[in-house]
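Subject: Handover of a structure and summary of findings

Dear colleague,

Please find below the structure I am handing over to you.

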Amino acid sequence: GLYYQRIGDERTALVELQVAVQLSPQDPALYVSLGDSYARSGDLIAALQAYQAAAALTPDQVAYWRRLAQFSAANQVNIADVGVPAAQQTVILSQTEAADFDLLGWLLVLSGRYPEAERQLQRALTLDPQLAAAHFHLGMLYLQTGEREQARAALLRARDLGHPEAQGVLNQAFP
């Protein structure tokens with residue numbers, strides 16, 4: 001299945017990974033690979049279910065909760081019901097990973113929970129002041145809440161730290 005993923009044959013990859021999951025239903029890595037294939041094939045519901053299965057198999061493994069939360073954020077799928085709780089579990093398990101606090105903050109932004117989002121993004125920046133993604137997400141939050149000067153400052157910092165989307169947002173929001 002992984003071979004077929006690498007060469008871009010998602011249909012065959014899906015078939016192979018489905019068989020692999022049937023043969024080894026307790027292997028969370030297989031569910032993640034299956035979820036990746038479903039996502040690339042456009043079946044976001046099946047992908048979400050596969051990522052959830054991986055997390056459920058190993059509730060104490062941060063990597064699987066993180067992948068579930070990342071999928072939810074990237075595809076804006078079940079943010080409030082799945083993404084935010086998965087990111088919260090990630091933060092509980094990792095406790096000091098700035099990127100995990102950033103992920104939770106971003107999911108909270110996407111769900112419109114701005115005060116909570118700001119707290120989590122600030123926590124991420126306390127842990128790692130150089131985390132470009134957290135500056136970017138904080139800038140996006142401030143744009144959504146009408147705090148333009150704070151948004152501009154955060155987006156400039158994200159750009160200076162190398163965030164790939166920051167300049168584009170700056171150009172649109174501050175022509």
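**Findings**

Asn78 counts as partly exposed, because its relative accessibility of 40% falls between the limits of 20% and 50%. Please note that this is a predicted model, and that every value in this message was computed from it.

**The loop between helix 5 and helix 6**

Asn78 is placed in the loop between helix 5 and helix 6. Its phi is near 45°, a positive value in a residue other than glycine. Gln76 is found in the loop between helix 5 (62-75) and helix 6 (79-94) as well. Gln76 also has a positive phi, of about 50°, although it is not a glycine. Most residues other than glycine have a negative phi. As to accessibility, Gln76 is exposed, since its relative accessible area is 54% and the limit for that class is over 50%.

**The chain as a whole**

The chain contains 11 helices and 0 strands, and its pattern along the sequence reads α-α-α-α-α-α-α-α-α-α-α. Its C-alpha atoms fill a box of roughly 55 × 35 × 25 Å along the principal axes. Of the 175 residues in the chain, 45% are buried. Taking the contacts between residues at least 6 apart in sequence, 46% join residues at least 24 apart.

**Packing of helix 2 on helix 3**

How do helix 2 and helix 3 pack, in angle and in distance between their axes? Helix 2 (residues 10-23) meets helix 3 (residues 28-41) at an angle of about 155°, and the axes are 9 Å apart. The angle therefore makes helix 2 roughly antiparallel to helix 3, as angles over 145 degrees are classed in that way. The crossing of helix 2 past helix 3 is left-handed.

On the side of helix 2, the contact is made by Glu10, Ala13, Leu14, Leu17, Gln18, Ala20 and Val21. Helix 3 contributes Leu30, Tyr31, Ser33, Leu34, Ser37, Tyr38, Arg40 and Ser41. Sorted by class, the contact of helix 2 with helix 3 has 9 nonpolar, 4 polar and 2 charged residues.

**Aromatic pairs**

The structure holds 2 aromatic pairs. One of them joins Tyr3 and Tyr4 in an edge-to-face arrangement, with 5.1 Å centre to centre and 70° between the planes. Tyr4 is partly exposed, at a relative accessible area of 27%.

Tyr51 and Phe71 form a tilted aromatic pair, with 4.8 Å centre to centre and 45° between the planes. Tyr51 belongs to helix 4 (residues 44-57) and Phe71 to helix 5, so this pair ties together parts that are 20 residues apart in sequence. Are the two partners buried or exposed? Tyr51 is buried, with a relative accessible area of 1%, and Phe71 counts as buried at 2% relative accessibility.

**His137 in helix 9**

His137 lies in helix 9 (residues 132-144). At 11% relative accessibility, His137 counts as buried, because the limit for that class is under 20%. Which residues does His137 touch, not counting those up to four places away in sequence? These are Asp102, Trp106 and Leu121.

With kind regards

Technical notes:
Residues are numbered from 1 along each chain as its sequence is written. This is a predicted model: local features need pLDDT of at least 70, side-chain atom pairs count only at pLDDT 80 or more; totals for chains, interfaces and linings use all residues. Side-chain values use heavy atoms; hydrogens and water are left out. Axes are lines fitted to C-alpha atoms, for helices over the stretch in contact, and angles run from 0 to 180 degrees between N-to-C directions. Helices (H or I, at least four residues) and strands (E, at least two) are DSSP runs, numbered from the N terminus. Angles under 35 degrees count as roughly parallel, over 145 as roughly antiparallel, 65 to 115 as roughly perpendicular and the rest as oblique. A crossing is left-handed if the near helix is turned anticlockwise from the far one by less than a right angle, and right-handed if clockwise. Contact means heavy atoms within 4.5 Å. Ala, Val, Leu, Ile, Met, Phe, Trp, Tyr, Cys and Pro count as nonpolar, Asp, Glu, Lys and Arg as charged, and the others, Gly among them, as polar. Buried means under 20% relative accessible area, exposed over 50%, partly exposed in between (1.4 Å probe, protein chains only). Rings of Phe, Tyr and Trp (its six-membered ring) pair if their centres lie within 6.5 Å; planes under 30 degrees apart count as stacked, over 60 as edge-to-face and the rest as tilted.
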